[in-house]
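Thanks for asking me to look this one over. Here are my notes, point by point, to read alongside the model.

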Amino acid sequence: MPYVHIVVVLALVEFFYFSLEVAKARSRYNVPAPATTGHEIFERYFRVHMNTLELLVMFIPSVLLFGYYLNPYLAAGLGLIYLIGRLVYLSAYVKEPKKREVGFVLSIAPILILMVGAIVGAARAAW
């Protein structure tokens with residue numbers, strides 16, 4: 001499970017990095033706190049950050065449970081795909097929101113696999 005734990009920490013580090021990007025965009029585009037609107041590029045950074053927060057709620061428990069009940073190496077590998085997907089999503093969304101699909105798929109597909117695996121693994125363990 002150490003690889004899974006490393007991936008979880010990397011996901012938190014990535015989320016922290018996204019928060020720094022929001023702070024830089026807030027300063028660069030003169031959007032004073034607590035405003036969440038005011039400049040289109042700032043809003044894109046902000047939305048990526050919030051979308052990532054929404055996904056972390058599903059990702060972290062799923063990767064931990066999948067790793068525990070099924071396969072920690074596969075869980076960590078899927079987690080790495082998620083992390084790459086989030087970076088692709090950030091880059092694409094900030095440049096052109098309509099071209100965010102690849103990053104979205106690379107983020108959501110691993111989560112769906114991890115959630116299904118977590119349910120299956122836990123159910124098998126319960127029986």
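Which residues have the most contacts inside the largest nonpolar core? Before the answer, a word on what we are looking at. This is a predicted model, in which local features need pLDDT of at least 70 and side-chain atom pairs count only at pLDDT 80 or more, while totals for chains, interfaces and linings use all residues. Residues are numbered from 1 along each chain as its sequence is written, and side-chain values use heavy atoms, with hydrogens and water left out.

1. The main core. Ala11, Leu56, Phe59, Val63, Ala75, Tyr82 and Leu114 have the most contacts inside the largest nonpolar core, which has 18 residues. At least two residues of this core come from each of α1 (2-28), α2 (40-69), α3 (72-95) and α4 (101-126). A nonpolar core here is a set of buried Ala, Val, Leu, Ile, Met, Phe, Trp, Tyr and Cys residues joined through side-chain atoms within 4.5 Å. Buried means under 20% relative accessible area, exposed over 50%, and partly exposed in between, with a 1.4 Å probe and protein chains only. Helices are DSSP runs (H or I, at least four residues), numbered from the N terminus.

2. As background, nonpolar side chains in soluble globular proteins tend to be buried together.

3. Tyrosine 82, in helix α3, is buried, because its relative accessibility is 0%. Leaving aside neighbours within four places in sequence, Tyr82 is in contact (heavy atoms within 4.5 Å) with Ala11, Glu14, Thr52, Leu55, Leu56, Phe59, Leu106, Ser107, Pro110 and Ile111. Tyrosine 82 and isoleucine 111 are 29 residues apart in sequence, yet 7.4 Å apart in space, C-alpha to C-alpha. Alanine 11, with residues up to four places away not counted, touches Leu56, Phe59, Tyr82 and Leu83.

4. How α3 meets α4. The axes of these two helices come within 7 Å and cross at roughly 155°; axes are lines fitted to C-alpha atoms, for helices over the stretch in contact, with angles from 0 to 180 degrees between N-to-C directions. α3 and α4 are therefore roughly antiparallel to each other, a label for angles over 145 degrees. Among the contact residues are Ala75, Leu78 and Ile81 of α3, and Val102, Gly103 and Phe104 of α4. The contact of α3 with α4 divides into 13 nonpolar residues, three polar and one charged. Ala, Val, Leu, Ile, Met, Phe, Trp, Tyr, Cys and Pro count as nonpolar, Asp, Glu, Lys and Arg as charged, and the others, Gly among them, as polar.

5. Do check arginine 44, which is found in helix α2. Arginine 44 counts as buried because its relative accessibility is 10%. Beyond its neighbours within four places in sequence, Arg44 is in contact with Tyr93, Val94, Lys95, Glu96 and Pro97. Asparagine 51 is also found in α2 and counts as buried, at 16% relative accessibility. Not counting residues up to four places away, Asn51 touches Arg86 and Tyr89.

6. The loop between α1 and α2. Is asparagine 30 buried or exposed? Asparagine 30, placed in this loop, is exposed, because its relative accessible area is 64%. Its phi is near 55°, a positive value in a residue other than glycine. Proline 34 is found in the loop between α1 and α2 as well, and the peptide bond from alanine 33 to proline 34 is cis, with omega near 10°.

Key:
Angles under 35 degrees count as roughly parallel, over 145 as roughly antiparallel, 65 to 115 as roughly perpendicular and the rest as oblique.
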